[in-house]
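Take each task on your own before reading its solution.

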Amino acid sequence: MKTFLIYILLPAVLLMGACTSDFEEINTNPSKLTEAGLRELPFMFSRAQSAATIHRPYYQTISILMPDLYAQYYALTTTSFTTDRYALNDTWLSRPAIITYVLTMPQLQAIFDNTETTSSEYALANIMKAYTFHRYTDQYGPVPYFKAGSTESSIPYDSQEAIYDDLFKCLDSAVTNLKANAINNVFGSQDLIYGGDVSKWISFANTLRLRMALRISAVDPNRAKQEAEAAVAAGVMTDNSQSATIERSLNGDDANGLAFNAANNEFSMSSTMASYLKGYQDPRLSIYFQPAVATGEFKGLRNGSSATAVNLPGNRPNQTSNLGTKWVERNSDGSAWEAHLDGRQEVMAAAEAYFLRAEGVLNGWDMGGGSAQEFYEKGIELSLEQWGIDQARARTYINSDALPVAPGDETNSPPVSNIPVRWAGSETVQRAQIATQKWLALFPDGIEAWAEFRRTGQPTMYPLLQSDNADLPVGTFIKRLPYSSVEISTNGAALEEGRKLLGGPDNAATRVWWDVD
C-alpha cells in the first residue's frame with residue numbers, strides 16, 4: 001500500500017517518456033499527463049474495470065476459494081485446498097489489497113489527477129472507486145482509505161463507517177455531475193461494461209447506492225433510509241438492458257476467470273444450491289450448472305467436507321455438477337473441459353434492485369411506489385429473463401408452492417430450509433424469501449452474496465461438516481477476512497491502531513461494522 005503512489009505515477013511517467021521530451025515538466029509535476037498521455041485515460045479506465053471485477057489471474061484465490069465458498073455457491077472437489085473448511089491462506093488474504101491498491105486505484109487516481117472534479121470522466125472513476133472499496137472493506141472491515149497512496153511511512157486504517165459515508169458522497173456527486181453534464185458517451189469502447197453509455201452508469205451508481213444503503217440498515221437505519229430513498233428517486237436499474245456485465249477477452253490477463261477455473265473441475269455445485277434449485281424446480285439449475293458427467297444427474301456436495309469425504313467415489317468431479325455451459329463445456333470427444341474464456345462476466349443485475357426495493361418497503365421506506373410483493377416478483381422475473389427464461393415459465397415459478405428438497409448428496413442431507421417461492425403472509429418469511437431469491441439471482445457473485453448472507457442471515461445454509469479454524473466451530477459461519485502478514489510487515493504500526501476499530505480480535509469470527517444481527 002505504501003507503493004500505491006508509485007503505481008499511480010509509473011503509468012504516467014512511462015507515457016510521458018514515450019510521448020514528450022519535456023523533462024522539466026515531468027520532474028516538476030509527475031502526476032500530470034501530457035496531452036498525448038491524456039488520450040490514455042480511457043485505457044486506464046478499462047484496466048481499472050478489468051481488475052476491480054477480478055480478472056483471470058486472481059479470480060481463483062480471491063473469489064472461488066474464499067467468498068464463493070463462504071456464500072455456498074460451490075463446494076470443493078479437490079483436497080489441494082482447505083478454505084472450504086475455513087482454513088485461511090495468508091498469501092491469498094493479501095490479494096484483495098493487490099486488486100484494490102495496485103491494479104485498480106492507481107488507474108482511477110490518474111483519471112482523478114488529470115480531469116476536472118465535475119467532469120463525466122471523474123464521475124465514472126468515482127463510481128468504480130465506490131464499487132471497488134465497498135467490496136474490499138466489506139470483507140475486512142477497517143482498511144486504509146483516505147490516505148491510501150500517501151508517501152507517509154505509516155498509512156492509517158479508516159473505520160468502515162467513515163468509508164461508507166464518503167462512498168455515498170462519491171456516488172451522489174457522480175450522478176449529479178453526469179446528469180448536469182448531459183454527455184451521452186464517456187470513454188467509448190474502452191468502457192468494458194457499458195460502452196460509454198452514461199444513462200446506464202447513472203442507474204448502476206444509484207443501484208450500488210441502494211445496495212450499500214441496505215447494507216447499513218441495521219447499524220444506521222436513519223442514514224440507510226436517507227440513502228436508499230435518494231437512490232431510488234435518482235433512478236435505479238429497472239430492466240435487464242441496464243444490467244452490468246464486463247467484456248472479457250483472450251488478450252493478456254483479461255479472460256473470464258470463472259470459466260478458466262471451471263475447466264480445472266476442482267469445485268462443483270454445493271448441496272445448499274442443490275437443495276434450493278432442485279426443490280424449487282428452478283429453471284436456472286440447468287443454466288448455472290451441468291449434470292454430472294458420469295451419471296447425467298445434478299448433484300452437489302457439502303461444504304466443509306473432510307479430505308476423506310471429498311475422496312468418496314460419489315464426490316469425485318465426474319460425479320458432481322460443474323458450472324453451466326455459459327462457462328465451460330466438454331470437448332468434442334468428451335475427454336476434457338473447454339472454457340469459454342471470452343464470455344462476458346456478470347457485475348450487477350437489474351433483478352437485485354427489485355429485491356433491495358422489496359426489502360426497503362418492508363422497512364417502511366419510500367421505494368418509488370409498488371408493494372414488497374410486486375418488487376419481489378419482478379426481481380424473480382428479471383433474474384429468470386436475464387438467463388433466457390420466458391415470462392410464462394417465470395410466472396409458473398413465482399406461483400409455485402415448491403420447497404427445498406434433500407439434495408441427494410453423499411451425506412444424505414435433509415432439505416436445507418422450508419422457505420417457499422410463492423409470496424408468504426408472514427413478514428419474517430417474506431424477508432427470508434427476498435434474501436433467498438436475491439442470493440439465487442446474485443449468482444455467480446460470491447463476494448456480494450457472502451456479504452448479504454452475513455447481513456441478513458439468509459438464505460438458510462447447511463453448517464460445515466468440518467471446520468479447520470478454531471475460531472469458527474462447526475455450526476458457525478465465517479464473518480470476515482483477517483489481515484494478512486503482508487500488512488503486519490509493511491504497515492504494522494497503523495494496523496495495530498486499525499485493529500482497535502474492529503471491536504473484537506483480528507480473526508474470522510469478528511463481525512464487520514454493519515453486521516450487527
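**Exercise 1.** Is Q107 buried or exposed?

*Solution.* A word on the model comes before the steps. This is a predicted model, in which local features need pLDDT of at least 70 and side-chain atom pairs count only at pLDDT 80 or more, while totals for chains, interfaces and linings use all residues. Residues are numbered from 1 along each chain as its sequence is written, and side-chain values use heavy atoms, leaving out hydrogens and water.

Step 1: recall the cut-offs, where buried means under 20% relative accessible area, exposed over 50%, and partly exposed in between (1.4 Å probe, protein chains only). Step 2: Q107 has a relative accessible area of 14%, so Q107 is buried. Step 3: locate Q107 in helix α8, residues 95-113. Helices (H or I, at least four residues) and strands (E, at least two) are DSSP runs, numbered from the N terminus. Step 4: look for partners beyond the neighbours within four places in sequence, and you find Q107 in contact with M44, R47 and A48. Contact means heavy atoms within 4.5 Å.

**Exercise 2.** Work out how the radius of gyration of the protein compares with that of a compact globule.

*Solution.* Step 1: the radius is taken over C-alpha atoms, and the globule rule is 2.2 Å times the number of residues to the power 0.38. Step 2: for 517 residues the rule gives a value near 24 Å, and the protein has 23 Å, which agrees. The fold holds 22 helices and six strands.

**Exercise 3.** Which residues touch the most other members of the largest nonpolar core?

*Solution.* Step 1: such a core is a set of buried Ala, Val, Leu, Ile, Met, Phe, Trp, Tyr and Cys residues joined through side-chain atoms within 4.5 Å. In soluble globular proteins, nonpolar side chains tend to be buried together. Step 2: the largest core has 147 residues, and W201, F204, M273 and L323 touch the most other members. Helix α9 (residues 120-140) gives the most to this core, with eleven residues. Step 3: follow F204, whose contacts include I127, Y131 and M237, not counting residues up to four places away in sequence.

**Exercise 4.** Describe how helix α14 is covered, and by what.

*Solution.* Step 1: α14 runs over residues 271-279, and eight of its nine residues are buried. Step 2: M273 and Y276 are among these buried residues. Step 3: their cover includes β3 (267-269), α15 (285-288) and α20 (427-442). Step 4: after the helix comes Q281, with a positive phi near 50 degrees.

**Exercise 5.** Find the backbone details at Q72, N265, P444 and P459.

*Solution.* Step 1: Q72 has a positive phi near 55 degrees although it is not a glycine. Q72 sits in the loop between α6 (67-70) and β1 (74-76), and its relative accessible area of 1% makes it buried. Step 2: N265 likewise has a positive phi near 55 degrees. Its loop lies between α13 (257-262) and β3, and N265 is buried, at 13%. Step 3: the F443 to P444 peptide bond is cis, with omega near 10 degrees; P444 is in the loop between α20 and α21 (446-456). Step 4: another cis bond joins Q458 and P459, with omega about 0 degrees. P459 belongs to the loop between α21 and α22 (485-499).
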